[in-house]
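User: I'm new to this one, could you walk me through it?
Analyst: Gladly, here it is.

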Amino acid sequence: MVGGEKELRIRFVPGCCQLVEEDVDIPSRRVLITGATGLLGRAVFKEFNQNNWNAVGCGYRRAQPKFEQINLLDSVAVHEIIHDFQPHVIVHCAAERRPDVVESQPDAASQLNVAASGNLAKEAAGIGAFLIYISTDYVFDGTNPPYKETDIPNPLNLYGKTKLEGEKAVLENNDGAAILRIPVLYGEVERLEESAVTVMFDKVQFSNKSANMDHWQQRFPTNVKDVATVCRQLAEKRMLDPSVKGTFHWSGNEQMTKYEMACAIADAFNLPSSHLRPITDCPVMGALRPRNAQLDCSKLEMLGIGQRTPFRAGIKESLWPFLVDKRWRQTVFH
C-alpha cells in the first residue's frame, strides 16, 4: 500500500451507520491542479489520478461537486488550500486563453494570467512544492521557427504578453518552478467551442454550405492527453532530480493550417470536404496571430519525456460523440 494513511469512512450497516477508521490506499504523492474543469485541466487531473497520485482539482464556475471551488484571485483561499493539502506538485492550468477575450477584457485577463500566477508561485515556494505553469507558443512572433526555450520571446498579441508576464512573475517568485509552453490544444471536449480545433466540426459536417477556413497560420494541434502525460512525467522526474526546472516546450509534430485540420477531420469521418475553402490571406479580424510559432521540443525529448497521439486518431476519439449523422458511425467504427 502506498501512503499507508488511515481515513475515517462512514460504513453503512443495516439499521445504522457508523464512523470507522479504515486503511485505504491513499497515494502519498499529492498534486493540486488549477483550472481542473477546463479541457487541459480535466486531462491533467485524470492522468495523475490514474497513475498513483492523490490529485485534487480546483475550478471556479464549474467546480462542484467534483472539484474544489477556489477563486485564484482570492489570496487567502489560495493560501488555505495549499497549506491544508500540502501538495508536492501544483499544475497551474487556469488561464484566460482566448486571445480575443484578452483583448476585450485586459484587466481581468492580467489578474488571472499574471497576478494569480505570481501569487501561486510564491505559495508553492513557501511549502517547497514544484509548480508547473502552463504557457503558450504565442509568446513568439512566428517569424523564425522552430523556437527553442532559449529564444527571445516577442508576443504579437495581449494574450501572449500576459502569458509571458505570467512566466516572469512565476520565476521571480519561485526559481524552482517550471514553465511548459504548448500550442493549440484539442481533446475530449464537453462542447465543441472548448477548442479552436474541435469548433470546426460543425462547418465540416454541414457540407451543404461552403465554409472559409484559414490556410495561412501554421499550427501544431496537440492532444491534451499528451500534455497531461508530459506534466506527470516532468513531475515524477523532478521528484528524483531537483535540477529539473526552468522553461520547456511540448507540441504535436504534425504541421497543419485550420483548413488542413478541417480536411483531416472530414477524412477521418469519411465526410466530404469540397465545401471547405482555403483562405491564404493573413487574417485581418481579431487579435494578431503568429504565422508559425513551431516549438522545438528536443529538451524534453532528451529527458525521455513525451508522448504524441497521431492527429487523426486523436481527433476521431474526441469528435465522434458530436457526429450528427449517426449512420456514419457504422462506416467509421465497424
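User: What should I know before reading any values?
Analyst: This is a predicted model, in which local features need pLDDT of at least 70 and side-chain atom pairs count only at pLDDT 80 or more, while totals for chains, interfaces and linings use all residues. Residues are numbered from 1 along each chain as its sequence is written, and side-chain values use heavy atoms, with hydrogens and water left out.

User: Which residues does UniProt give for the "RmlD-like substrate binding" domain?
Analyst: The unreviewed UniProt entry places that domain at residues 30-322; UniProt positions are in the numbering used here, feature names are shortened, and annotations may be inferred rather than shown by experiment. Over residues 30-322 the chain is 39% helix and 15% strand, where helices (H or I, at least four residues) and strands (E, at least two) are DSSP runs numbered from the N terminus.

User: Switching topic, how many salt bridges are there?
Analyst: A search of the whole structure finds 14, a salt bridge being a side-chain nitrogen of Lys or Arg within 4 Å of a carboxyl oxygen of Asp or Glu.

User: What does Arg232 pair with?
Analyst: Arg232 forms a salt bridge with Glu47, with the closest N and O atoms 2.4 Å apart. Arg232 lies in helix H7 (residues 224-240) and Glu47 in helix H1, so the pair ties together parts that are 185 residues apart in sequence.

User: Are those two buried or exposed?
Analyst: Both Arg232 and Glu47 are buried, where buried means under 20% relative accessible area, exposed over 50%, and partly exposed in between (1.4 Å probe, protein chains only).

User: And what about Lys225, which residue is its partner?
Analyst: Lys225 forms a salt bridge with Glu317, the closest N and O atoms being 3.2 Å apart. This pair links distant parts of the chain, with Lys225 in helix H7 and Glu317 in helix H10 (residues 311-319), 92 residues apart. Lys225 counts as partly exposed at 33% relative accessibility, and Glu317 is partly exposed with a relative accessible area of 35%.

User: Last topic: at what angle do H8 and H10 cross?
Analyst: The axes of helix H8 (residues 258-268) and H10 come within 10 Å and cross at roughly 70°, so the two helices are roughly perpendicular to each other (65 to 115 degrees). The residues of the contact of H8 with H10 divide into 7 nonpolar, no polar and 3 charged; among those that meet are Met261 and Ile265 in H8 and Phe311 and Leu319 in H10, contact meaning heavy atoms within 4.5 Å.

Conventions
Axes are lines fitted to C-alpha atoms, for helices over the stretch in contact, and angles run from 0 to 180 degrees between N-to-C directions. Angles under 35 degrees count as roughly parallel, over 145 as roughly antiparallel, 65 to 115 as roughly perpendicular and the rest as oblique. Ala, Val, Leu, Ile, Met, Phe, Trp, Tyr, Cys and Pro count as nonpolar, Asp, Glu, Lys and Arg as charged, and the others, Gly among them, as polar.
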